[in-house]
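Please open the structure in a viewer and keep the sequence at hand.

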Amino acid sequence: MSNKSLNDIITLDKKSYMNTFGDRLPLCFTEGRGIELTDISGRVYKDFFAGIAVNALGHSHPALTKAISEQAGKLLHTSSVYYVENQALLASKLTEISDFDKVFFASTGAEANEGAIKLARKYFYNKGIDRYEIITLNKSFHGRTITTATATGQDKYKLPYSPLTPGFVHVDINDIDSLKKAVNEHTAAIMIEFIQGESGIYPVTQEFAQTIRDICDKEGILFIDDEVQTGIGRTGKMFAYNNYGIVPDIVTLAKALGGGVPISAILAKDEFASAFVPGDHGTTFGGNPLSTKAGLTVLETMEKENLVENSEKVGKYLMDKIKAELSDLIYEVRGMGLMIGAEFKKPVAKIINKHLMEDYGYLVGVIGDSIFRIVPPLIITYKDADDFVDALKNSAQNI
Ligand SMILES: *Cc1c(COP(=O)(O)O)cnc(C)c1O
């Protein structure tokens, strides 16, 4: 346990850390195991947030702890000037479990998306075709760099940073007419999340996804699928696109890939991947021996423990149960697998969350005033789901 109190840490944070997160939830965790997190005062919480859908294996999974400890004792970093064994192994593994031929590793979701956008533009640049525009969706989230913030369909993330990157247009999710109208002779790619995570768990419809695939085929443009949040088992399939039976051209991954160790990836079909030639793109940290060891171990462990199937089954059970038992309070439950959004009829999310956290010791994400983002580690059991719904019902009774 730490020798500092929560108040000491808050004081230090307020004094020294840039105020980008405002008043955070008044919690600071010192240890985690499985779905449990222990805070600095020794109180144990059950984690149904997983660090924004990152800790797919839960906390301190023995296999991941062992793998990264051993790797740290051998080699952390050598740079991409040299070949990296774990990088080659993880790239190969990702091509086996996906529909893609080539992989590039970076460190964050934004960086993978930035790379995907560069790849799409480079593809047409190589061909001497004047296609550069990227269509994305309103309410999307693609990252915080200037280009990915421009891609993000939410003004609050980008307006202060003008001039923004040129060449981005936005349409509403599932609005097929607007999408068709937005496509023109300069369009290079359509970029979406199959389920919008950050803005409230909004899935695209099958028809909308199929329309994107059809437009991309017809126009010869690229379908970029941002699976930074949905990827690696979160939605009950390895990738969200598997739920739709539609294969995009480029996929980006990040959050769950390293189980908490920063790593992101761009996956692409050969035809598009080959648009990058030596010197076009790079990174210092991306795909280093440690982060790629973490990625390999996450994928191995997910296979061994059938976590994708667990995400599908327990996710469906949890969604159905929330729907059935809180129907008087909740207007809609959205999502797939263990990526669940519960929207309350009234703006009560913050107060219910306060009870859930303080009285019952559960952590979830809150979006705006009325939406819960429930994205637990993929290891949760039916019993964990039952206990959570009981706590949620009790918390809602108190208001
Ligand atoms: C979190 C997220 C990002 C940004 O990832 P960072 O690692 O924070 O840069 C991009 N796209 C989606 C869909 C995300 O959920």
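Helices, taken as DSSP runs of at least four residues, are numbered from the N terminus. The model shown here is predicted.

**A cysteine in a helix**

Please begin by selecting Cys216, which is found in helix H8, residues 206-219. Is Cys216 buried or exposed? With a relative accessibility of 2%, Cys216 counts as buried, because the cut-off for that class is under 20%. Now show its surroundings: beyond the neighbours within four places in sequence, Cys216 is in contact with Ile190, Ile221, Leu222 and Phe223.

**The ligand and its shell**

Next, select the ligand and display the residues around it. The surrounding residues are Thr108, Gly109, Ala110, Asn113, Phe141, His142, Glu193, Asp226, Val228, Gln229 and Lys255. Sorted by class, this shell has three nonpolar, five polar and three charged residues. Which helix gives the most to the shell? That helix is H5, residues 109-127, with three residues.

At Ala110, a backbone N or O atom lies 2.8 Å from an oxygen atom of the ligand. At Asp226, an N or O atom in the side chain is 2.8 Å from a nitrogen atom of the ligand. At Lys255, a polar side-chain atom lies 2.6 Å from an oxygen atom of the ligand. On its own, the ligand has 380 Å² of accessible area, and the protein covers 80% of this.

**The largest nonpolar core**

Now turn to the largest nonpolar core, which has 98 residues. The members that touch the most other members are Ile232, Leu318, Ile322, Phe372, Ile374 and Phe388. H5 gives the most to this core, with seven residues.

Select Ile374 to see one of these members in detail. Apart from residues up to four places away in sequence, Ile374 touches Phe48, Leu318, Ile322, Leu338, Met339, Ile340, Ala342, Val364 and Phe388.

Most residues other than glycine have a negative phi, and most peptide bonds are trans.

Select Ser162 and Pro163 together: the peptide bond from Ser162 to Pro163 is cis, with omega near -5 degrees. Pro163 is found in the loop between helix H6 (146-151) and strand S6 (168-171).

Go on to Lys139, in the loop between strand S5 (133-137) and H6. Lys139 has a positive phi, near 70 degrees, and is not a glycine. Its relative accessibility is 43%, so Lys139 counts as partly exposed.

Then select Ile201, in the loop between strand S8 (195-196) and strand S9 (202-203). Ile201 is likewise not a glycine, and its phi is positive, at about 65 degrees. Is Ile201 buried or exposed? Its relative accessibility is 0%, so Ile201 counts as buried.

**From Ile201 to an arginine**

The side chain of Arg334 reaches the backbone oxygen of Ile201 at 2.7 Å. That side chain also makes a polar contact of 2.6 Å with the side chain of Glu332. Arg334 counts as buried, because its relative accessibility is 8%. Beyond the neighbours within four places in sequence, the residues in contact with Arg334 include Gly200, Tyr202, Pro203, Met319 and Ile371.

**Two last selections**

Select Lys321, in helix H11, residues 307-325. Lys321 has a relative accessibility of 16% and therefore counts as buried. What does Lys321 touch, not counting residues up to four places away in sequence? The residues are Leu326, Asp386 and Val389.

Finally, select Phe285, in the loop between helix H9 (270-273) and helix H10 (289-304). Phe285 is exposed, with a relative accessible area of 57%. Leaving aside the neighbours within four places in sequence, Phe285 is in contact with His77 and Ser107. To end the tour, draw a distance from Phe285 to Ser16: the two are 26 Å apart in space, C-alpha to C-alpha, and 269 residues apart in sequence.

Technical notes. Residues are numbered from 1 along each chain as its sequence is written. Side-chain values use heavy atoms; hydrogens and water are left out. A residue is near a molecule or strand if one of its heavy atoms lies within 4 Å of it. A polar contact is a pair of N or O atoms within 3.5 Å; within protein, one must be able to donate a hydrogen and the other to accept it, and residues adjacent in sequence count only if both atoms are side-chain atoms. Accessible areas come from the Shrake-Rupley method with a 1.4 Å probe; for residues, only the protein chains shown count as cover. Helices (H or I, at least four residues) and strands (E, at least two) are DSSP runs, numbered from the N terminus. Ala, Val, Leu, Ile, Met, Phe, Trp, Tyr, Cys and Pro count as nonpolar, Asp, Glu, Lys and Arg as charged, and the others, Gly among them, as polar. A nonpolar core is a set of buried Ala, Val, Leu, Ile, Met, Phe, Trp, Tyr and Cys residues joined through side-chain atoms within 4.5 Å. Buried means under 20% relative accessible area, exposed over 50%, partly exposed in between (1.4 Å probe, protein chains only). Contact means heavy atoms within 4.5 Å.
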